[in-house]
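User: I am new to this structure and would like to go through it step by step. Could we begin with the core and then turn to the helices?

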Amino acid sequence: MTLARTGLTRYTVGLPLLLAVVLAATTADFRQPQNLLNFGGQIAALLIASLGQMCVTLVAGIDLSVGSVMSLASCLLVLQPDPFLGVAMALAMGVAVGTVNGLGVAVAGVHPLVMTLSTATFLQGLCYVVLPIPGGQVPPALIAGATGEVGGVPMSFVWCGVTVVLLGWLTTRTRLGLHLFAVGSQPRSAHLNGVRVRSVTVLAYVSCSVLAAAAGIYLAARVSAGDPTLGASFGLESVAAVALGGVQLTGGVGSVAGVVAGALSLGLLTNGLNLFGISPFLRGVLTGALLLAAVSVQRRRHVGL
């Protein structure tokens, strides 16, 4: 994969480094081990959801139902005392939602914004039917799987590491990864070269929803409860993370490393606001501003494979 294909620039890599240096220099609390552990726990769900959003963005799509999928996954998780059954239900829901979104976009020709916004609205209503108020009991095994340690390594880092390695392998070492870039760059040319454009698009949306469900499982286990509004902010934030990471919203350009950088930027921003005691409501303002800035500087590029 060429450097141009990854979308990485000095701004993409430099922003999280700059934020980390500024925070380390201005507040001693940022350098405390406990804060770094909290930061890892805070960013894990965003990173997982953003990597799923990247799969859709690579094929020139967008998924606004990410947050609702996360919320519904948390609601389903607390309904089952058996952790395996709860996880299976949540992931199966992710597969079903991704399939519906993918078929709507690739086969029915519905615009991704309209398709996924409709799905998000439907799922959000379903969340309140399943679990009207936050609560429920997450199985202890899942709580340990989100907040515990393995060999001294916090589970939040394990979740992030596994997802990054899996998506890195998928996008750079498999035929599906090559097809994602081809469909996003030139769908007509990809079709003429034997790529099953519709199937690849559906798989991209399925991957996004499954990863969103996984992020919802992790977040519910971390807070030890289900919540019908748990993922409310992640729809916008996952898009902002991929845009800040150099993933081209018109498709065909992006990388896992870029998404990691984008998620780190948003995570450091949130952590900094908390450390300085600034209102958390400002986070949405800054996220929207960063998304607008990131999209504004993007230019449509046709990059060869």
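Analyst: A term is needed before the core is described. A nonpolar core is a set of buried Ala, Val, Leu, Ile, Met, Phe, Trp, Tyr and Cys residues joined through side-chain atoms within 4.5 Å. Please also note that this is a predicted model.

User: Which residues touch the most other members of the largest nonpolar core?

Analyst: They are Met54, Met70 and Leu167, in a core of 77 residues. Helix α11, residues 197-223, supplies the largest share of this core, with 15 residues.

User: What does Met70 touch?

Analyst: Leaving aside residues up to four places away in sequence, Met70 touches Ala45, Ala49, Ala212, Ala215, Gly216, Leu219, Leu230, Gly231 and Phe234.

User: Next, Ser71. Where is Ser71 placed?

Analyst: Ser71 lies in helix α4, which covers residues 66-77.

User: Is Ser71 buried or exposed?

Analyst: Ser71 is buried, because its relative accessible area is 0% and buried means under 20%.

User: And which residues does Ser71 touch?

Analyst: Not counting residues up to four places away in sequence, the contacts of Ser71 are Gln124, Cys127, Asp227, Pro228, Thr229, Leu230, Gly231 and Ala232.

User: What about α3 and α13, at what angle do they cross?

Analyst: Helix α3 (residues 33-58) and α13 cross at roughly 140°, with axes that come within 9 Å.

User: Which residues of α3 meet α13?

Analyst: The α3 side consists of Asn35, Phe39, Gln42, Ile43, Leu46, Leu47, Ser50, Leu51 and Met54. On the α13 side, the residues include Val256, Val259, Val260, Ala263, Leu264 and Leu266. The contact of α3 with α13 divides into 14 nonpolar, 6 polar and no charged residues.

User: How does α13 pack with α14?

Analyst: Helix α13 (residues 256-275) packs with helix α14 (residues 281-296) at an angle of about 150°, and their axes are 10 Å apart. That makes α13 roughly antiparallel to α14. This crossing is right-handed.

User: And which residues make the contact of α13 with α14?

Analyst: Leu266, Leu269, Thr270 and Leu273 belong to α13, while Leu282, Arg283, Leu286, Thr287 and Leu290 belong to α14. The contact has 6 nonpolar, 2 polar and 1 charged residues.

User: One last topic, His179. Where is His179, and what does it touch?

Analyst: His179 is placed in helix α9, residues 175-185. It touches Val195 and Val200, not counting residues up to four places away in sequence. With a relative accessible area of 18%, His179 is buried.

Methods
Residues are numbered from 1 along each chain as its sequence is written. This is a predicted model: local features need pLDDT of at least 70, side-chain atom pairs count only at pLDDT 80 or more; totals for chains, interfaces and linings use all residues. Side-chain values use heavy atoms; hydrogens and water are left out. Axes are lines fitted to C-alpha atoms, for helices over the stretch in contact, and angles run from 0 to 180 degrees between N-to-C directions. Helices (H or I, at least four residues) and strands (E, at least two) are DSSP runs, numbered from the N terminus. Angles under 35 degrees count as roughly parallel, over 145 as roughly antiparallel, 65 to 115 as roughly perpendicular and the rest as oblique. A crossing is left-handed if the near helix is turned anticlockwise from the far one by less than a right angle, and right-handed if clockwise. Contact means heavy atoms within 4.5 Å. Ala, Val, Leu, Ile, Met, Phe, Trp, Tyr, Cys and Pro count as nonpolar, Asp, Glu, Lys and Arg as charged, and the others, Gly among them, as polar. Buried means under 20% relative accessible area, exposed over 50%, partly exposed in between (1.4 Å probe, protein chains only).
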